[in-house]
Amino acid sequence: MFAPLFRSLRPAQWSKNVFVLAPATFAGGLTEPSTLAAAVVAAVAFCAAASAVYLFNDLVDRERDRRHPRKKLRPVASGALGVVPASVAAAILALVACGAAWTLNGQTTLLVFVYLAVNLLYTVWLKEIVILDVMVLSSGYVIRVLAGAAAVGAAVSAWLILCTVFLALFMGFSKRRHELVLLTDEAGEQRAVLTHYSPTFLDQMMNVVTASTLLSYALYTTADETVARFGAYSLVWTVPFVLFGIFRYLYLIHQAENPKQRNPTELLLFDVPFLVNIGLYSLTVLLILYVSGPAE
């Protein structure tokens, strides 16, 4: 039972919790052991919370998942993982998430609880409301950033919040587009809200949030508070990596071979140019924040 349960936790999706580490990273706190430890505990809490949500979602949607070309292979939908073990595991993981957050502070605990509550509402109701479904999904990334800041006691730039919002919306609309392309005429049977979407409409939404993401990040790197913190416009040098990352993602969605066989997250995790770009971006940020440092 362990292997099916582990697959149901969707460990590949834990990569999203890098957003929890963003506040500590941009606040320059990763060199402080206590700050780093708090950020890691917060990230672990969200890994547990996310896995609890995935299990709950699989339990609620198991009948519909059995009609999906890919989701029918999920352990709960296929019967490899029983309803009772999945339910128990989801409850335990939710408690672990809240318990880990509680070791940090009350604000982080509250944000983990809000994350769980919002996603439960999404699973049972909100995912059927057009546009709002994507906005609710995107809120999870914002909650992660806020929780990461609360865990380490760091202030969050308004520009960083805006970047997170637009990037999350971009990924959410990309996910909906992938589902439409994969399911074609059967999309409405699998997820009712998909009948309200079309590839053209989603492409328009993606165009809007793509431009908003790039502009917000560019403005963040040149904001007075950012320049004051680092004494220079150093972060501007990271803008090309953000441009390439988003453009590469769009390329994979629209031009890569067999796009129906991969969901957007898998495209990111297994594309070498994208991973190299992420590595270079991370290295550049760390050099700017922790090596060159702010001007005296």
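What follows is a short chat about helix packing, charged pairs and a surface patch in this predicted model.

Q: How do helix α3 and helix α7 pack: roughly parallel or roughly antiparallel?
A: Take α3 as residues 33–60 and α7 as residues 106–124; their axes sit 10 Å apart, at an angle of about 15°. Angles under 35 degrees count as roughly parallel. So α3 and α7 are roughly parallel.

Q: And what is the handedness of the crossing where α3 passes α7?
A: Packed helices are described by the angle and the distance between their axes. Here the angle is about 15°. As for the handedness of the crossing of α3 and α7, it's right-handed.

Q: Which parts does the Asp58 and Arg74 pair tie together, and how many residues apart are they in sequence?
A: Asp58 makes a salt bridge with Arg74, with the closest N and O atoms 3.3 Å apart. Asp58 belongs to helix α3, while Arg74 is in the loop between α4 (62–65) and α5 (75–78), so the bridge ties together parts separated in sequence by 16 residues.

Q: Is Asp58 buried or exposed?
A: Buried means under 20% relative accessible area. Asp58 comes out at 2% relative accessibility, so this residue counts as buried.

Q: Where do Glu179 and Arg176 lie?
A: Their side chains meet in a salt bridge, 3.1 Å from N to O. Both residues are buried. They're three residues apart, about one turn, and both lie in helix α9 (residues 158–183).

Q: Which helices hold Asp203 and Arg177?
A: These two form a salt bridge whose closest N and O atoms are 2.7 Å apart. The pair links distant parts of the chain, 26 residues apart: Asp203 is in helix α11 (residues 199–222) and Arg177 in helix α9.

Q: What are the relative accessible areas of Asp203 and Arg177?
A: Under 20% counts as buried, and over 50% as exposed. Asp203 is partly exposed at 21%, whereas Arg177 is buried at 13%.

Q: How many salt bridges does the structure hold?
A: Some of them join up: Asp61, Arg64, Lys127 and Glu128 are linked in a network of salt bridges. Across the structure, the count is ten.

Terms used: Residues numbered from 1 in each chain as written. Predicted model: local features only at pLDDT ≥ 70, side-chain atom pairs only at ≥ 80, totals over all residues. Heavy atoms only, no water. Axes fitted to C-alpha atoms, helices over the stretch in contact; angles between N-to-C directions. Helix = DSSP H or I, 4+ residues; strand = E, 2+ residues; numbered from the N terminus. Parallel < 35°, antiparallel > 145°, perpendicular 65-115°, else oblique. Left-handed = near helix turned anticlockwise from the far one by under 90°. Salt bridge = Lys/Arg side-chain N within 4 Å of Asp/Glu carboxyl O. Buried < 20%, exposed > 50% of the residue type's maximum accessible area, 1.4 Å probe, protein only.
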